[in-house]
Amino acid sequence: MADEFTISQAEQRATAMVKRIWDNYSALQDILRPHERTIQRRWTKWNERKREMALQSAWGEPIPLEHRPDVALMRYQWIKLKGRTVDPDPRKRSHFMWPNINKEDLLKTEPLLLMLNARGRNPPSIFASADRLSIQFGVGCKAFQATGYTVAPVSKWNMKFSGRDTPDSYAKLVSWEDDEDENPERRRRLHQDFHPVPGLWVLEIQARVYQFLVDMCKLILHDLPTDTNSLRTLATEPEPPLPTANAEGDAGATSLMVSSYEATYHLPARIDIRRLQDLVEAKFAESEDVLMALCEDPGFFIYKALEMYEHRPEHLLDSDGERLTALALPGAPEMLIKDSIEHMLRYHMSDVELWRISLERVKQFADSIMKYSKNDEIELDPESGNPTDLDLEYSYCSLLSHLSTHIQKETKIAGIALKGSPLFRRRARAEADGNGSFKVSIDFDKLTEREGQIVFAFHNMVMPVDRRAMDIHVSVEQFERAAQTNEGRELVTSFLAQQFSGISIMTECLRQMQLFQPYHNLFQLSFRSRDGWENESAKISARSHEVVSPLWNFRLSETAKKIGTALTKMKYPVDKQPSRKKVDDMRAAEKVLASFWDEVFSQLREKGLVRSRIKVLYETRQPEQTPEWTEPLKAKRQGSSSTSTPKIPGSTYADQREDQTGKFTPAHTKVKVKTRPSQPAATAENRDNGDNGDNRGNRDNDGDPSDTTSEGPKLSDQVDKRTSKVVSALWVVEGGSQVPGQIPWTEFLHAMYRIGFGVEKLPASIWQFTPGPTIVGHLTAARPIIFHQPHPETSHSLLIMRRVGKRLEKSMAWKPRCSVGRGIS
């Protein structure tokens, strides 16, 4: 047990560390003023070996290898002890005290340079709260018990950091009796001031970090004088631009994971209301699109139902390596498919409403805070206490409560999906408990390092009791890092990645809200301090529960289950070369899907659940309707004119036509394309593919005086062959031919970037595409949209690409026309 210490001992330790901090801070400022650009240039040129030697020399003791060594240490211990947790080894205290000092991160180019810039050009007080938060996991793991000052009779003293930017005032210890602030206890609870023990931890962190940074500068500038007198004779150079690993490559993509780890080494971030709203709006739109696709597209319905079935935990083997009774009995697989269809339907219907409520509450919060916003900056005085605007407090707490409840549902569902994944089928065994649940045991001895990382991350997401103060965003980050490796991509199926996507979006939303400091703590404290706050909190949760619970508990009729099960056994060969048999199969599947949803909506009406977004879905759905088959027309001679023809719904074949009787006729495709084709006659479809009938756009003759086609506004003046190939998979390219095969995800990213979207990688398989200025200027409905990267494959089939194109067309009221080498309109 640690020895107790007096307040005078605490002041003595604090004074010594404050002197070290400010001496090194001053030295770091003196070095960066003339030499920061030189340091950036040299560090960028150094190879990994040279960087490692410098880091090791400056830090002194061995530097941990892995990102977040504190989490890695507990993961190894958890696996070694087969799922049990114990207090960490006291000899590994530095892993928890400085989790951001590790070779995996610092050997990269950007982190050290960002840390130098941030710590050298901003006072230490700016980083006090972030440094305190960085050791939260270590505190939860009891890594600091034997530090020499963890037990102390100094509870009614505060250590002050905020706004203290001189050596004499920084980290000053003040008793509550002598504190000029009216409520020093409140300031501590809001993390504006610190208890002396965490305050000393912060000083210990900063003292060593500043010394490390100064030593690194001297090693990098080994041939230049770095003493104070010499440095102060040099002219101050302009501050160089900050390095970043984002926006590399021809797709101009950024990554949330890269931004997050870079932010760890830079200035503490602030809440971004616009980003919060964009994330939730894009996820809500995706949830609606998925449910609509289940209503309209038999192929998508079959795919999602069987995907749900394949990830049921009933597929696990028992301890003897035999199939569980749930699947071994006659007729059991069909019963499981029925349950999977019901579960799929309940999940996606409730998901739409949950994200609708999330979006409403985000907008309510955004509207409440707009009165404090000026030039995209939130102007609230953190020293003024609680603002009198109770609407802002209520909207914030409502959103926080909803997201916190929502994420519990998502983690529970993701945990079930993980148990049915290929990873668990290899490393886990299950025993039925007789109540419809399974007790799953993992063979920890056979887990590979990457498997252990995934299992540990999911365990900390699904089992909050064992999380030990590790924020869920840390678990999300650990899962993301594991899933990006080659082995991780093989372990994480597309279904699991998409289940995880909802968690990742909510986690980022919660992280953004935690950045709203000190009001994140202030609003919750104020809300809980009022009489009757428990009843008010219950009312907030009840509003969501009243809408979502009936959908989540919805039970399909046996008739609907039978129809849905029959549909999963049918074929919907929309991505195959058409024939009479295939067209008949497609028409039959469409008829069965329509019957299924007629039965479902009949049940929903009886229960009064056709409301809100479900009502919109019911009124606007447009089921696929494949025209009847007729024998092909004879092929026209080479050089004869032809007109563009409609395609069957969702088909990946461009040259199919429908006659006046509504029957489907495939056209022969072996027609030689001229090097400079004449412009086809305009059809109704061509006219509609512009800017919703607004054809006031530019004329582009591409050097051909005979080409006088009127087009809509240009979104891109030039389209390369790579973009044209992707666009032809999404829609139809004028003068082009249908592209066979699959579309690599990297090509899709390139095309979206060239069309005019901002591209950002979010956690799991999610990518967000934000319309740039060119698109926003022409499309009033333009808004961010998210798509899922293929997983574990690296390419999308044309069938999926057409679904992507349909979502873009529907969500933005836009179906572009593209001509190779000319542009997109």
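Me: Is Glu36 buried or exposed, and what is its relative accessible area?

Reply: The model is predicted, so local features need pLDDT of at least 70 and side-chain atom pairs count only at pLDDT 80 or more, while totals for chains, interfaces and linings use all residues. Residues are numbered from 1 along each chain as its sequence is written, and side-chain values use heavy atoms, with hydrogens and water left out. Buried means under 20% relative accessible area, exposed over 50%, and partly exposed in between (1.4 Å probe, protein chains only). Glu36 has a relative accessible area of 3%, so Glu36 is buried.

Me: Which residue forms a salt bridge with Glu36?

Reply: A salt bridge is a side-chain nitrogen of Lys or Arg within 4 Å of a carboxyl oxygen of Asp or Glu. For Glu36 the partner is Arg121, and the closest N and O atoms are 2.7 Å apart. Glu36 lies in helix H1 (residues 7-45) and Arg121 in helix H6 (residues 110-121), so the pair ties together parts that are 85 residues apart in sequence. Helices are DSSP runs (H or I, at least four residues), numbered from the N terminus. Arg121 has 28% relative accessibility and therefore counts as partly exposed.

Me: How many salt bridges does this rule give?

Reply: The count comes to 39. One of the pairs is Asp131 with Arg119, at 2.9 Å from N to O. Asp131 lies in helix H7 (residues 128-134) and Arg119 in helix H6, so this pair ties together parts that are 12 residues apart in sequence. Asp131 is buried at 5%, and Arg119 counts as buried at 9%.

Me: Where do Arg275 and Glu508 lie?

Reply: Arg275 lies in helix H13 (residues 273-296) and Glu508 in helix H22 (residues 494-514), so the pair ties together parts that are 233 residues apart in sequence. Their salt bridge has its closest N and O atoms 3.6 Å apart. Arg275 and Glu508 are both buried.

Me: Which residues are linked in a network of salt bridges?

Reply: Lys160, Asp179, Arg187 and Asp193 are linked in this way.

Me: At what angle do H16 and H17 pack?

Reply: Two packed helices are described by the angle between their axes and the distance between the axes. Axes are lines fitted to C-alpha atoms over the stretch in contact, and angles run from 0 to 180 degrees between N-to-C directions. Helix H16 (residues 332-369) and helix H17 (residues 390-419) pack at about 160°, with their axes 9 Å apart. H16 and H17 are therefore roughly antiparallel (angles over 145 degrees count as such).

Key
Helix = DSSP H or I, 4+ residues; strand = E, 2+ residues; numbered from the N terminus. Parallel < 35°, antiparallel > 145°, perpendicular 65-115°, else oblique.
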